[in-house]
Each structure stands twice: as C-alpha cells, then as structure tokens.
Amino acid sequence: MQPNVFCFELSSPQKIIRAVDGVDDVEVGMVFESKKLIKLCMSMIAREWSFQFKTQRSKRMNFWLKCDQEDYTWLMKARSLGETKMFKITKYDKVHKCSVDIVKSDHKQATSSVISEFIKPKLLGPKVQYGINNIIQDVKQKFGVNMSYEKAWRLRVEALDDIRGSSEDSFRLLPRYLHALENQNPGTITRIEKDEHDRFKYMFVAYSASITGWKYCRPLIVVDGTFLKGKYKGTLFVACAKDGNNGIFPLAFGVGDWENNLSWEWFMSRLKETFGNRNEVLCIVSDRHQSIEKAIKLVFKETTFHGVCTFHFKQNIKARFKKAGAGELFESAARAYRKEDFDYFMEKLGELSPKIREYVLEEDPRRWARCFYPCRRYNAQTSNIAESMNSALKKARELHIVSMLELLREKLQTWFVERTKAANEVMHDLTPWANEKLQKI
C-alpha cells in the first residue's frame, strides 16, 4: 500500500523566485524559494506602495501576511510545497487602500534584512564599485529612510559576508588556499606567520612566473605598502620590478597588520630568500618610511643600495615648508646629471630658504640625487610602479584575504599571458620599448 505522501507539481515551466531583485509585484501562483524571501519581497513592495503589514500566521505549511491597519482587509497567503521550504502564493490582494499618512521615516518594513537583500545584487562580482554613499542614496530613494554612514557601512559588510563568506572563514581557508596555489603552480612560494595564540600575523606570496622572470629584469625592486579595507584592515605589501620592455613586473605580495619595523623586516626577509641571489648590486626604491629603511639595512645589509622616492621627498618638502618653488628646485637638483648643475640648484634652494636646504641635505644625497648614485638606478627616481600596482588592486583590497589573493592571481595570470603573446610576436632581438628608443637616436 502506498504511503500517504503529500506530493506537488510545478507547472512547466515554473519559475522559482530566488532573489528579490527584479520582482516588482507578486502574482497568485508564484513560487518562492522560502517564506523569508516572500516577506523580504513584500517588505519592498509595501514600502513602494506606502503601507505596512504584519505576520498573521507563520507555520510549516502556511504563511499569511495581513495589513497592519485593523480597518483594512489586505491579505497575502502562501502555502508550502510538500516537504520543501518553497512556498506558493495562493491569495494576494493587489489593491491596497491604506493612507500614505502611515508611512514614517522609520517604516517598520525597511528592516536591516530587507535593505541588505536590496543592496546584495549591487555588490556581486569582485570589481565592486557600490560604496557607502551609494547605499545611503539608494535607501533614501527606495525606502524613504535616512540612514547613517555607520549603519550603511555595517549593512554593506553584512551583505558582503553573505555573498562571499565571513572574514574569519577566509582566514581559516587561507592555509589550504596557499597549499593549493603551490601545488597547482609549481615554483610558487608562499609563507604564513602566526602569533603565539596561533592567529594570523603575516602572509607572503611570490608566483612562479614572477620568480622565473626576475632573472631577466633589471636588478631593481620598488616596494610600497597600502592599507586594506576589509573588516580587519591591515596592510598589503607590494614589490615590483621593471622588465626589458620597461613594463611593471610584479614580484611579490604580502599582508600584515600595519607598516612597522617587524612587518617590513618579515616581508624583506621573505623577499631576500626568494629574489636576493643575483651577482649584482641590488637597488631598492621606496618612500622615506623609516621602517623600510631599517628593514633593508637589517636584512640586505651592505649588498643593497636603498634609494629614496624623489616624488615623496618633494611632497614632504612642500607639505612641511609650504614655500612656492621649493619643490621644483629640489626636483631639478635630484634629476641633475652633473654635480655642477646639482650645486647650482641647491644654491638657489638655499637662497629661497636656508632651512629647506638644510632639511634636504639631512638626507644623504646618494639616496636621492642622480649625480651621486653609487650604483645604477635605471632611471627609477620614484616608487610610482609599486603605487601603480596598488592602484590596479584598489577594488581587490576591499575583499576578504582569499578572494583578494584569487583576484590578484587572475590579474597576474592575464598580464603574463598577454605579455607572452606580445613577446612571441616580436621579430627582432630587442624589446619594442628598447627598439623604439634606438630608432629615435
């Protein structure tokens, strides 16, 4: 004898509503993935039509919503489909006659969960450009609710966590992800450092393509650090070089708490382990962050020259002294090829302001003036190439750590494939950039 099982059929083809985005109204016969989704959808419609409702019945088999005003009879009924969590609309009053006077700035249907579902579709994809101010503006327009920046930020974080998983889950997944990265990309080097409580502290990754390509690059590394925008903030450390075509060549990336002596020392140590075995004087260029200078001296010792980014030095001068023309005179002195020209511009700087000249010369000219460089700096006067890399990763820095690394891997893979294809099409011994330079001579 057949058991008495409640069965159901979906008329074919039957669309199952799985998200509130794009649902402007409800019809009898519609099937929703869950009763929660029905309530979210009705909350958005209620706000649009200027009425409020309450739950009259919510059981395993039935879900009813009723107008919040006792004098009105608006009703929506739904019934579950068998043993599933799906619900089908069985009754729905399309006409509602509540006065718009009941709508308030704290409309109870404009809950955090409703707003979260409303913004989720706009946050899909790794290249998210839907910021806090966009949320505030859209919520005001859609729900008539004035939302604070803090609440909008919190809802954005919660919505992103629902889409991508939590920051905590991402950190727990990190060791497995890096292990898979090494297995699938032979030659890739990854490192994780934990603190005494077995919590994440530092991370380092250098992809095999970067390690292999480094021997064909100039012995020059540009480093920089930039802040991350996720729940736990932190810093993204970047090391880049220049390839034979004068293009930016990504070398390594790291993540740490913030730019301090210990984090930079750890990153520099991993950088030396991976890229430090060249029989040439290595030049490292960075801004004037003291932790970078200390780390380079401690890790690389006397085998490396540390050059200062002249752009940042110039900005320091302009911000500190606010003297018109001082930055330009400094830059002219820094870029001078001859000592006579350097002396001329420094003399002019001293005439403009002796204090500025004294301040500039506190920094060893060998670190910033072209005519005093003790080794070849390959025209890398600034740390712009590392900052350009940071700019390219601007949106990735908002992601959880594993999502960020995966987007980073995809970007590098695309860049290396495109450059390999372009290199294979070159029909002469020189790179296009070098060939163009010679053609102009």
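Which residues does Met404 touch, not counting residues up to four places away in sequence? Met404 touches Leu228, Leu236, Val255, Ala396, Arg397 and Leu399. This is a predicted model.

**Nonpolar cores**
- The largest nonpolar core has 60 residues.
- Met404 is one of the members that touch the most others, along with Ile221, Val223, Phe253, Met268, Leu271 and Leu405.
- Helix α14, residues 401-424, gives this core its largest share, eight residues.
- Another core, of 20 residues, lies apart from it; among its members are Val26, Leu37, Leu65 and Cys67.
- In soluble globular proteins, nonpolar side chains tend to be buried together.

**The six-stranded sheet**
- Six strands make up an open sheet with mixed pairing.
- Their order is β1-β2-β6-β5-β4-β3.
- β1 (16-17) and β3 (53-58) are the edge strands. Each has a single partner strand, so one side of each has no neighbour in the sheet.
- β4 (residues 62-67) and β5 (residues 75-80) run antiparallel, joined by five bridges.
- Leu65 has Met76 in β5 as its bridge partner. Leu65 is also a member of the core of 20 residues.

**Helix α11**
- This helix covers residues 339-352, 14 residues in total.

**Positive phi in loops**
- Most residues other than glycine have a negative phi. Two residues with positive values follow.
- Asn246 has a phi near 65 degrees. Its place is the loop between β10 (235-242) and β11 (248-256).
- Is Asn246 buried, partly exposed or exposed? Its relative accessibility is 27%, so Asn246 counts as partly exposed.
- Lys322 has a phi near 50 degrees. The loop between α9 (310-321) and α10 (326-335) holds Lys322.
- Lys322 has a relative accessible area of 69%, so this residue is exposed.

How values were computed:
Residues are numbered from 1 along each chain as its sequence is written. This is a predicted model: local features need pLDDT of at least 70, side-chain atom pairs count only at pLDDT 80 or more; totals for chains, interfaces and linings use all residues. Side-chain values use heavy atoms; hydrogens and water are left out. Two strands pair if DSSP finds at least two bridges between them. Helices (H or I, at least four residues) and strands (E, at least two) are DSSP runs, numbered from the N terminus. A nonpolar core is a set of buried Ala, Val, Leu, Ile, Met, Phe, Trp, Tyr and Cys residues joined through side-chain atoms within 4.5 Å. Buried means under 20% relative accessible area, exposed over 50%, partly exposed in between (1.4 Å probe, protein chains only). Contact means heavy atoms within 4.5 Å. The expected span of a helix is 1.5 Å times one less than its number of residues.
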